[in-house]
Each structure stands twice: as structure tokens, then as C-alpha cells.
Amino acid sequence: MLRRAALIILLVLTVGIALTVYTLYDPAGHSFFPKCMFKAATGLDCPGCGSQRAFHALLHGEVRAALGYNPLAVAAIPLIGVLLIPDRCMPRLQRFKRSPWLSGSILVIVVAWWILRNLLW
Amino acid sequence: MVYYVILNGTQQGPFSVDQICAMGITAETPVWCEGMADWTPAGQVADFATRLNNGFQQPGQGWQQPNPGYQQPAPGFAPGQNFGGDVPPCPPNYLAWAIIVTILCCLPFGIVAIVKSSSVNNAYAMGDYARAYRESQSAKNWCIWGAVTGVVISVFYVGAMACTGMFAALGSM
């Protein structure tokens, strides 16, 4: 119980700090934001590249710009929100969250996006 | 073998073991049959003790045959795999965390976690509950490793940038 409370406090703190930092600073203009290791090593974009800039844009209400940086990251936010709803709060969602096609299609979309963004853009 | 029983303060009987069990006795209910020195709690009488230990302890409920598939898994099934009729809950697939790790930590770890997470659902759908549990643990571990690696590298990077920035500022003074 205590461990759970500590985890929740840690999570709230992390999210709070992250929201503040990503609202105040633009990752495109400041060098202290962590860089993608995959991109540093290969020069190619990973499926998550651009999500820091996308979050910054979203926090300033610039949805179109955010979609331009990384549409996958933008689409992932509501999905993650739904997946994190505890089962006991919304039992009807259980089937959606546990369905094999959901995780399967996410895998296909992520990998397809990884390949396509490097080929097309 | 017929027994007498004391229920609600009154002696009743003779009844068969089945009949007495159906009356809703507990391990403390006194029973007696010919040959016994005195009234004895049912829990200490062999004929009743085995029944009571099999989950027959709810007063007021009739004697129920235990689910035959429950105690003896059908031959050919590995232990923990599929106990006919007794379906365990689906283990968590950690899909949300797998996506977070994939997008934020920029690591192949997240992709592996999504693969594992999808195996959890597939294994569970096929009734292979032991494998579903193993894949669930595996998905959790990949999420943790991905998150830890991502956080450690980010902290190092931010620290390194802060140091270079400081030296640059000192140098320009």
C-alpha cells in the first residue's frame, strides 16, 4: 500500500515536471533535451523521433505542428490514456484492451511507420 | 453407518452421513454413532472430516460434488495450463507501458515489449494460461529494462550537456 502510494507520488511528480519543462522550453531550440540514440547511431528516425517536439507543440495548442513532428506520438496519447484506465473502473473496456488484434495491429503500425518515415520523408 | 447430530440445541437422527452433511453442519457440530464414547465435533470424525475439508463448510448449503476437473487435471495437460472449467483471470499485458517505452525511450526494448504483450493475449485466447503468465512477466521486464535504460541515458546526456554548457560559459568569461 505504501509502495503504491510512493509510486503514484513519483508518477505525478514526473508528469508534472515533464509538463512544465515541455511547456516552457522548445526541444527544437535547446540542446539539453535528450537525443534519440537510434538516430545518433544510424542517422535514421526511430518510431518515436519527434515526439518531444510534438509534445511541446501540443502543449501550446498547435495540433497541426504536432502531427507534423510525429503523428504516431499524438495518436498514442489518447490510446495510452484508455489503456491505463483500471479494469474495475470500466469493465466493458476489458475486451478491447485484451484483444489480440489490438496489440498486433499496434505492432504492425509502429514497424510500418518506422520503415515508411525513413523511406518517404 | 447412521449418526445422530445435535443441531440448534436438539438431538436429531438417526441419519446417514449424506443426510447430515446436507443439513448444513460445521466442523464444530456434535455428532455421535453407536460405538463412540461421547458426542464428538464432526471435524474430528473421519466420515465427516473428509467432506468438511473438501470445502463443505457453508452452513445451509447442500453437499456438493467437487468439480471433477479441479483436483485432477486431465492427462496431457501440463500443470497450470488448463484446469477444465476453472479459468484464471487474464494476466496484465502492459500494452500501455510498452507503447510509452517505444515512443519515449526510443529503444528496440519497447518493440519487444509490444510483441510480448501481444503474445499474452494470444496465449490467453488459446487457453495456454501458463504461457500467458510467462509472457506477461516478460512484457513487464522488457518495459522496465527499456524505461531504465532510457532514463539512465537521458540523465547522463542532460548531465553532460549541463557540464559542457557550464564550461562553455566559464570559458567565455
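Let me start with B:Thr102, a residue of helix α4 of chain B, which covers residues 95-104. The model is a predicted one, and every value I quote is computed from it. Is B:Thr102 buried or exposed? Its relative accessible area is 3%, and the cut-off for a buried residue is under 20%, so B:Thr102 counts as buried. What surrounds this residue? Setting aside neighbours within four places in sequence, B:Thr102 is in contact with B:Leu107, B:Gly110, B:Ile111 and B:Ile114, and also with A:Val110 from the other chain. Its side chain has a polar atom 3.3 Å from the backbone oxygen of B:Gly110.

The loop that joins α3 of chain B, residues 68-71, to α4 of chain B holds B:Tyr94. The phi angle of B:Tyr94 is near 55°, which is a positive value in a residue other than glycine. B:Tyr94 has a relative accessibility of 21% and therefore counts as partly exposed.

Helix α4 of chain B also leads us to chain A. In α3 of chain A, residues 51-59, the buried residues are A:Ser51, A:Ala54, A:Phe55, A:His56 and A:Ala57. What do they pack against? Within chain A, the partners are α1 (2-24), α4 (63-69) and α5; from chain B, α4 joins them. Just after α3 of chain A comes A:Gly61, with a positive phi of about 75°.

I turn now to the interface as a whole. Chain A contributes 32 residues to the contact, and chain B contributes 27 residues. The two chains bury about 2300 Å² between them, and 81% of that area is on carbon and sulfur atoms. How many salt bridges does the rule find across the interface of chain A and chain B? The number is zero. For polar contact, the rule finds four residue pairs across this interface, with both residues at pLDDT 80 or more.

On the side of chain A that touches chain B, at least two residues come from each of α2 (37-42), α3 (51-59), α5 (71-83), α6 (94-98) and α7 (100-120). Which helix gives the most to that side? It is α7 of chain A, with eight residues. Sorted by class, the side of chain A that touches chain B comprises 23 nonpolar, six polar and three charged residues.

Finally, the strands of chain B. Strand β1, residues 3-7, has B:Tyr3, B:Val5 and B:Leu7 on a covered face, while B:Tyr4 and B:Ile6 lie on an uncovered one. It runs antiparallel to strand β2, residues 10-15, and four bridges join the two. Within that pairing, B:Ile6 has B:Gln11 as its bridge partner. The hairpin of β1 and β2 of chain B has two residues between the strands, and B:Asn8 there takes a positive phi near 55°.

Strand β1 of chain B also pairs with β3, residues 30-32, again in the antiparallel sense, over two bridges. Here B:Val5 stands opposite B:Val31.

Helix α2 of chain B, residues 46-53, belongs in this picture too. Its buried residues are B:Phe48, B:Ala49, B:Arg51 and B:Leu52. The buried residues of this helix pack against β1, β3 and α1 (17-22) of chain B.

Note on methods
Residues are numbered from 1 along each chain as its sequence is written. Chains are lettered from A and ligands numbered from 1 in the order in which they are written. This is a predicted model: local features need pLDDT of at least 70, side-chain atom pairs count only at pLDDT 80 or more; totals for chains, interfaces and linings use all residues. Side-chain values use heavy atoms; hydrogens and water are left out. Contact means heavy atoms within 4.5 Å. Buried area is the accessible area (1.4 Å probe) that two parts lose on being put together, summed over both. A salt bridge is a side-chain nitrogen of Lys or Arg within 4 Å of a carboxyl oxygen of Asp or Glu. A polar contact is a pair of N or O atoms within 3.5 Å; within protein, one must be able to donate a hydrogen and the other to accept it, and residues adjacent in sequence count only if both atoms are side-chain atoms. Ala, Val, Leu, Ile, Met, Phe, Trp, Tyr, Cys and Pro count as nonpolar, Asp, Glu, Lys and Arg as charged, and the others, Gly among them, as polar. Buried means under 20% relative accessible area, exposed over 50%, partly exposed in between (1.4 Å probe, protein chains only). Two strands pair if DSSP finds at least two bridges between them.
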